[in-house]
Amino acid sequence: MNYVVEGTGTPILLLHGWGASLLTFTRLSKSLSSQYKVYSISLPGFGESEIGVPLSVADIADVIRAFVLDQKIENPILLGHSYGTRVAAIYASKYPVQKLILVSAAGLKQKLKFSKRLKIRIYKIFKKCHLPVKMGSTDYQNADNVRRIMLVKAVNYDLSGAYKKIKVPTILIYGTKDSVTPLSLGYKIQKLIANSYLLEIEECGHFPYLERESVFTLILMSFLVGEDHAN
């Protein structure tokens, strides 16, 4: 598994979203490394981290646990973005962490819109008739067979149980214009995590740490150095 370590101090692990790698956190890692020991990790199957078989998000959480033990990291802070929040949430529900930062988090089953249900029905009819048809998100279409299985597993993995088990101070950060993981989803997740609160970043989409870097960093540092909060 490919990773980069910067800085000294309290350990913080950065877990990226689908299709990204540790490079997405280059600027954030540099900013945090003045006060923390930052581990930027390319999750299995992304960047230069290899993979042989499809892994579920629970499998990857266990891989991260093995990494933590191998590196002798104690009580880390976890920061996950999108797909990485799924891994971070499962990890925090099973293993010791100090704090948890979930950026553009997902993981709850959502009722499909009629248009989506219709597309799925048409896709199944075409497949049954052995007709060529493309279906799925851009991420799905761009993935190889192993990663397609991983993506389907991740999307279908309901994290509501894991969220309820998280007891450490947690902050959820969302962009108000995020169409991938909408703000409404964030408030549903926030209700499941006991010691948590949610902050919105205006005029921001799915990548707050890139789109509104200075605002995001200010929020993050306030959470990391401040007192614990709970709603």
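The buried residues of helix H6 are Met-150, Leu-151 and Ala-154, where buried means under 20% relative accessible area, exposed means over 50% and partly exposed lies in between, computed with a 1.4 Å probe on protein chains only. Seen down the axis of H6, these buried residues fall within an arc of 100°, so they line one face of the helix; the arc is that of the directions from the helix axis to the C-beta atoms. This is a predicted model, in which local features need pLDDT of at least 70 and side-chain atom pairs count only at pLDDT 80 or more, while totals for chains, interfaces and linings use all residues. Residues are numbered from 1 along each chain as its sequence is written, and side-chain values use heavy atoms, with hydrogens and water left out.

**The chain as a whole**

- The protein chain has ten helices and seven strands, taken as DSSP runs numbered from the N terminus, with helices being H or I of at least four residues and strands being E of at least two.
- Of the 231 residues of the protein chain, 48% count as buried.
- Among contacts with a separation of 6 or more, 72% join residues 24 or more positions apart, a contact being heavy atoms within 4.5 Å.

**Helices H6 and H10**

- Helix H6 covers residues 145-156, and its twelve residues should span 16 Å at 1.5 Å a residue, which agrees with end C-alpha atoms 17 Å apart; the expected span is 1.5 Å times one less than the number of residues.
- The 13 residues of H10 should span 18 Å at 1.5 Å a residue, and the end C-alpha atoms of H10 are 18 Å apart, which agrees.
- In H10 the buried residues are Phe-216, Thr-217, Ile-219, Leu-220, Met-221, Phe-223 and Leu-224.

**Phe-216 and its surroundings**

- Phe-216 is found in helix H10, which runs over residues 213-225, and it counts as buried because its relative accessibility is 0%.
- Leaving aside residues up to four places away in sequence, Phe-216 touches Leu-28, Leu-79, Val-103, Ile-173, Ile-201, Pro-208 and Tyr-209.
- Phe-216 and Gly-175 are 41 residues apart in sequence, and their C-alpha atoms are 10.0 Å apart in space.

**The cavity**

- The structure holds one cavity of 30 Å³ or more, a cavity being a set of points, on a 1 Å grid over the protein atoms alone, where a 1.4 Å probe fits but cannot get out.
- About 40 Å³ of space lies in the largest cavity, the volume being the space filled by probe spheres set on the points, which are joined across faces, edges and corners.
- Its lining, made of residues with an atom within 4 Å of a point, consists of Thr-24, Phe-25, Thr-26, Arg-27, Leu-28, Tyr-209, Leu-210 and Glu-213.
- Helix H1 (26-32) and helix H9 (208-211) each supply at least two residues of this lining, and H1 gives the most, with three residues.

**Two loop residues with positive phi**

- Most residues other than glycine have a negative phi.
- Lys-72, in the loop between helix H2 (57-70) and strand S4 (77-81), has a positive phi near 55°, and Lys-72 counts as exposed because its relative accessibility is 71%.
- Asn-75 lies in the loop between H2 and S4 and has a positive phi of about 50° although it is not a glycine; Asn-75 is partly exposed, with a relative accessible area of 36%.

Terms used:
1 Å grid on protein atoms, 1.4 Å probe; cavity = no way out; pocket = protein on both sides within 12 Å on 5 of 7 lines; lining within 4 Å.
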